[in-house]
Structure formats: C-alpha cells, structure tokens
Amino acid sequence: MNKIPATAPESPKMPILRVPPPAPAQPGSNRFDMEDIFHALNLGVCVVDDCGKILLWNNWIAKHSNIKEAEALNQQLEKVFTEPVSPAFLAALKNTLTYRLPVVLSTALHRAPLPLYNAHGTQQQTRMYQSITITPIQSQLSESCCLIQITDSSPSIKREKILRSHSEILKKEATTDSLTDICNRRFFDAHYEMAVADAKRRKHSLSVFMVDIDFFKSYNDYYGHMAGDNVIKLVANALKSQLSRATDIVARYGGEEFVLVMPHLPQQVAEQFAEKLRNAVLNLEIPHLKSRPFNQITISIGLYTGIPGNGDSLLNKADVALYQAKLKGRNRYISLPLCETEEYLEQ
Ligand SMILES: Nc1nc2c(ncn2[C@@H]2O[C@H](COP(=O)(O)OP(=O)(O)OP(=O)(O)O)[C@@H](O)[C@H]2O)c(=O)[nH]1
C-alpha cells in the first residue's frame, strides 16, 4: 500500500495527495496513523494517475472486489477487474482526467458500474449498488490524479423499493373494492368526472350502464351473507370480463350495484353490449330458488347513452332506466330514448 504521506515524500517519483498536516498533538492525545484510517474507511477509496493506473486501493475495495491491494497497485483500473466496468464509469473517469472536473455518477442511471459484491463466494452474486464520485486532485509533484470514492447504496435502494411497493399497495387499496377487486366508488367518481369533461370537450357520447343484481335480499336471506358475497364477486368478474378497451371501466357502485362507463359507442352498439352483460351473468347459472320465474341469479341494467350536457346527469338517467328495468320484470336492460343532446350525434 502506498502510504499517504503527511510530509514530503521520500521518493520524488511517487505522487502524493495534498493531505493537510495533522494537528499538533495535544498533551495526552494520540497521533493517528493515516494508513490505518485509510484502510478502516467504510467506503471505497481508490486513486488513479492521469493514465488510469491505480496508485491507492483501500481495504474496502479489496474486500468487495476480491482483489488484493498488491494485485491492484500499478494496474490499469479497467484491466484489474475480471468482469467489465461500465462504459459510463470509464467515460466519467476519462472526462475527469482530461478536463479536471468532478463527476457524480447518477445512482438512478448507473446502479452498479464496478464489479463489486457484498458477499463473495456465496450464492448471492448480484453486484452491489454503488454511489460513485470522481474528484480531480493534484499531487505535490503537480501530477494529475483522480480520487474515486465508492459507497454501498444497496440499503437505500432497497429502502426506496420497499417504500415504492408500499405506496403502490396503498394506491391500489384506495382505488380498488376489496371484495371484488374491481374499481371502487372513489375511483369511479374521479374517473367519471374526467370522462364527462373529455366527452363534453370532444363532443362525443358516453354510455352509462347501471347494473343491479335481482332479488338479492332474498338471496342473502335464503343462502346466507357469505354466499351473497361470493355472488357479488362472480357477477363483478363476469361484467369485467366483457370489457376490452382501456377507456372502459366497471366499478362497484355500492352493495350489489355496479356501474360501467364506456365512451364513444353508438346507442345501438351500447344496447348490444348491455345484452352481452346480461347474458354473461345468466351464463354463470348460479341457482337462486327465491328468484321467480328465473330460479337463478340475473341482473337488471339501466342504460343511457348521450353527450353530457348541463342538465340531468347521465348517471341519473341510467338510474331511471334501471328503475324501469326492475318495474318491467327484471333480467333485462332498458335504454332510455335519445333526447336533444343526442340529436347532435346523429348529424
Ligand atoms: N352479501 C352481501 N349482501 C349485500 C352487500 N351489500 C348489500 N347487500 C345486500 O343486498 C341487498 C339489496 O337488497 P334490495 O336493495 O332490497 O334489492 P333486491 O333484493 O336485490 O331487490 P331488487 O333490486 O328490487 O331486485 C340487501 O339485502 C343488502 O343487505 C354485500 O356486500 N354483501
């Protein structure tokens, strides 16, 4: 190891760092051995000369690269490793040596520029995440050198990953209905507001489908609440499986009621889609002996297709249509007739 001299070097050929002389020893205090401190640092320290030859190599790098100090000294940095060094690191080093400007390698872009490991010879052979700074320094002999400092950023990156996954989970929980795993009312309200604004701006239609499971109170009473929960899940899945466009959503509106919003559908296509939804639930063939005359789980659908205007909301109109579907015997869709706003669509 090349000691970091605190005074003038013995050999005029050996470049040295400008290290401030130690403070005069106070009575009773200890003098520090710079070499011990250099090797005890909990970060990698390496100095290369203007040709990229290694002049200093501390214990931290020796440990994490599995390359001893004696093997590293006087070798070209990029050749001392058996595995490749990242081109970004080499470019940064070259820049610092040429232009004498310090560089901080972005940990976001360059996670593991050097082949350094936390656990050598174990199964855990993934490169350590590193934060690297390269600083130009001047030796007393005016030779240009670079100080490379490396810290292990794995713990902070791990922490960041955990925080990010926690925030993803929280975001999902805030927008998803826990029983059915489809969008919840909160997400729907926000989405609906944006869909309405978009449809108004572009003057295109929105189709709103209000869906309600028929005779669900009697189902709960007869089969029990848990069986009722399971039906809600199955119906939610059946409705969701009919959607294919990224712009369409289905949400649990509350209890055994669902809502679907789909932009840009001609009314006739929206009606065909409502029939597809009804059949998807019918095809589940869930027995419901208290539902006369169907004897199985069915849904009623209220559909309204229109350009959002300033009057009654599309949701209210779809709700009115649902009420009519219930009155007319359930297991059907009702689509409210076009009003003035829709005449625009027909032009
Ligand atoms: N199992 C279960 N039941 C629910 C849930 N949310 C609401 N319900 C029940 O759904 C039933 C809805 O009943 P009603 O609104 O009277 O409607 P219905 O019996 O389906 O009658 P129609 O809609 O007129 O066909 C009530 O008994 C609620 O307790 C839920 O999360 N799980």
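Author: **The mixed sheet and its surroundings**

Helix α11 (residues 314-327) lies across β6, β9 and β10, running at about 145 degrees to β9. Such angles run from 0 to 180 degrees between N-to-C directions, and the axes are lines fitted to C-alpha atoms, for helices over the stretch in contact. Helices (H or I, at least four residues) and strands (E, at least two) are DSSP runs, numbered from the N terminus. This is a predicted model, in which local features need pLDDT of at least 70 and side-chain atom pairs count only at pLDDT 80 or more, whereas totals for chains, interfaces and linings use all residues. Residues are numbered from 1 along each chain as its sequence is written.

The sheet itself is open and has five strands in the order β7-β8-β6-β9-β10, with mixed pairing, where two strands pair if DSSP finds at least two bridges between them. Because β7 and β10 (333-335) stand at the edges, each with a single partner strand, one side of each is left without a neighbour in the sheet. On average, and with direction ignored, neighbouring strands of this sheet are turned by 20 degrees against each other.

Helix α9 (residues 225-240) has 16 residues and reaches 23 Å from its first C-alpha to its last, close to the 22 Å expected at 1.5 Å a residue, the expected span being 1.5 Å times one less than the number of residues. The buried residues of α9 are Val231, Val235, Ala236, Ala238 and Leu239; a residue is buried if 20 or more other C-beta atoms, placed from the backbone, lie within 10 Å of its own. Seen down the axis of α9, its buried residues fall within an arc of 165 degrees, so they line one face of the helix, the arc being that of the directions from the helix axis to the C-beta atoms. Their cover includes the strands β6 (206-213), β7 (249-254), β8 (257-263) and β9 (299-306), as well as the helices α8 (216-223) and α10 (267-282).

The largest nonpolar core has 45 residues, and among those with the most contacts inside it are Val208, Val259 and Ala318. A nonpolar core is a set of buried Ala, Val, Leu, Ile, Met, Phe, Trp, Tyr and Cys residues joined through C-beta atoms within 7 Å. Leaving aside residues up to four places away in sequence, Val208 touches Val259, Val261, Tyr304, Leu314, Leu315 and Ala318, a contact meaning that the C-beta atoms, placed from the backbone, lie within 7 Å.

Notes: A residue is buried if 20 or more other C-beta atoms lie within 10 Å of its own, exposed if 12 or fewer, and partly exposed in between; C-beta atoms are placed from the backbone. Two residues are in contact if their C-beta atoms, placed from the backbone, lie within 7 Å.
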